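Student: Could you take me through this structure, a piece at a time? I'll ask as we go.

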Amino acid sequence: MSGYLEVHGLTVRASDGLPLVDDVSFELGVGERLALIGESGSGKSLTSLAVMGLLPEGLTASGSVRIGGTEVVGARERVMNGIRGRRAAIVFQEPMTALDPLTTLGKQLAEPIRRAARRGGVRLDRGAARDAVRRALDEVSVREPDRVAKAYPHEVSGGQRQRVAIAMALAARPELLIADEPTTALDVTVQAQVLDLIEGVVAERGMGLLFVSHDLAVVSRMSPRAIVLSHGREVEAGRVDELISRPREEYTRQLVGAALELDRALDAARGAEEGGR
Ligand SMILES: Nc1ncnc2c1ncn2[C@@H]1O[C@H](COP(=O)(O)OP(=O)(O)O)[C@@H](O)[C@H]1O
Ligand SMILES: [Mg+2]
């Protein structure tokens, strides 16, 4: 079976021609999961952004990225508008990237929900939109959804903000979710909860997941397979359990060492959370 996401020879160059992502290839089938792991600066975010056709000014992609059979590299904005949100959506490390500080969270979440409904031929009136927002907030386990819907982004916690950003990413029911360090900015207890949330909705909806992290402990919870990146290139790839038990490269071995420590912290955080219920 060919993949839902097919990346072949993806290269991202800076304006001086230097490759920041260098000949990266991978495939992700419907409902499958894959992680990109590597230290800061290894090219994980640029790979994710290139997949979404969202590279910053001055950077250019070459090679091929296909989502559901549609070529993304060099695609016109009109083509990308049909893909972004609807076939593939992205969640960033910093939820404010996706949020408008001057608009209430409920109003922001209502926008993609209304758009998705309109495409299905349904016009949501105010009450119906409010109910749909409420359901979307419930799905991402936002506590006090009515309060959060009326709040501005700065009025809720970082964890709640990220949950809302996830709800926005899910609003048009994309087949693929790209999560780029979605919990790196959160403290360790909240991190565990948001990972569980992403894991839960992806499983529930049968979505594909491209999960990006510098952290092998986090990756091992989210994806059975990973690609290890360093300086924009693939160092090794394979099953996460094998990368952990039998890393072939020294670079991977170092990631494993750091992972063991955080894994203990996450377990402790989860234990504290469960004990507190
Ligand atoms: N807009 C940009 N212009 C030039 N270089 C960039 C830009 N964005 C990122 N880079 C460089 O590309 C490399 C990969 O960055 P990135 O994909 O963000 O790494 P990661 O997400 O793995 O931490 C880094 O060396 C970074 O400095
Ligand atoms: Mg990054």
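**Salt bridges, helices and a loop**

Tutor: Let us begin with a salt bridge, in which the side chains of glutamate 250 and arginine 253 meet at 3.2 Å, N to O; please keep in mind that this is a predicted model.

Student: Why are glutamate 250 and arginine 253 about one helical turn apart?

Tutor: They are separated by about one helical turn because they lie three residues apart in helix α10, which covers residues 250-275. Glutamate 250 counts as partly exposed at 44% relative accessibility, and arginine 253 is likewise counted as partly exposed, at 42%.

Student: How many salt bridges does the structure hold?

Tutor: The structure holds 14 salt bridges. Among them is the one between aspartate 138 and arginine 134, whose closest N and O atoms are 3.7 Å apart; these two residues are four apart in helix α4, so about one helical turn separates them.

Student: Which residues are linked in a network with them?

Tutor: The network of salt bridges links Arg134, Asp138 and Asp146.

Student: And what does aspartate 241 pair with?

Tutor: Aspartate 241 forms a salt bridge with arginine 239, and the closest N and O atoms of that pair are 3.1 Å apart. Aspartate 241 is partly exposed at a relative accessible area of 41%, while arginine 239, at 43%, is partly exposed too.

Student: Switching to helices, how far does α3 reach?

Tutor: Helix α3, residues 105-119, has 15 residues and reaches 22 Å from its first C-alpha to its last, which is close to the 21 Å expected at 1.5 Å a residue. After α3 comes glycine 121, whose phi is positive, near 85 degrees.

Student: Which residues of α3 are buried, and what covers them?

Tutor: The buried residues in α3 are Leu105, Gly106, Gln108, Leu109, Ala110, Pro112, Ile113 and Ala117. What covers them includes α4 (126-139), α5 (145-150) and α6 (158-170), so α4, the helix that holds aspartate 138 and arginine 134, is part of that cover.

Student: You mentioned α6; how does it pack with α7?

Tutor: Two packed helices are described by the angle between their axes and the distance between the axes. For α6 and helix α7 (residues 188-205), the angle is about 15 degrees and the axes are 10 Å apart, which makes α6 roughly parallel to α7. The crossing in which α6 passes α7 is right-handed.

Student: Which residues make the contact?

Tutor: On the α6 side the contact is made by Gly159, Gln162, Arg163, Ile166 and Leu170, and on the α7 side by Val190, Gln193, Val194, Leu197, Ile198, Val201 and Arg205.

Student: One last topic: where is arginine 86?

Tutor: Arginine 86 sits in the loop between α2 (77-83) and β6 (88-91), and at 35% relative accessibility it counts as partly exposed.

Student: What is arginine 86 in contact with, leaving aside neighbours within four places in sequence?

Tutor: With those neighbours left aside, arginine 86 is in contact with Asn81, Arg119, Ala172, Arg173, Pro174 and Glu175. Arginine 86 and proline 174 are 88 residues apart in sequence, yet their C-alpha atoms are 4.6 Å apart in space.

Conventions: Residues are numbered from 1 along each chain as its sequence is written. Chains are lettered from A and ligands numbered from 1 in the order in which they are written. This is a predicted model: local features need pLDDT of at least 70, side-chain atom pairs count only at pLDDT 80 or more; totals for chains, interfaces and linings use all residues. Side-chain values use heavy atoms; hydrogens and water are left out. The expected span of a helix is 1.5 Å times one less than its number of residues. Buried means under 20% relative accessible area, exposed over 50%, partly exposed in between (1.4 Å probe, protein chains only). Contact means heavy atoms within 4.5 Å. A salt bridge is a side-chain nitrogen of Lys or Arg within 4 Å of a carboxyl oxygen of Asp or Glu. Axes are lines fitted to C-alpha atoms, for helices over the stretch in contact, and angles run from 0 to 180 degrees between N-to-C directions. Angles under 35 degrees count as roughly parallel, over 145 as roughly antiparallel, 65 to 115 as roughly perpendicular and the rest as oblique. A crossing is left-handed if the near helix is turned anticlockwise from the far one by less than a right angle, and right-handed if clockwise.
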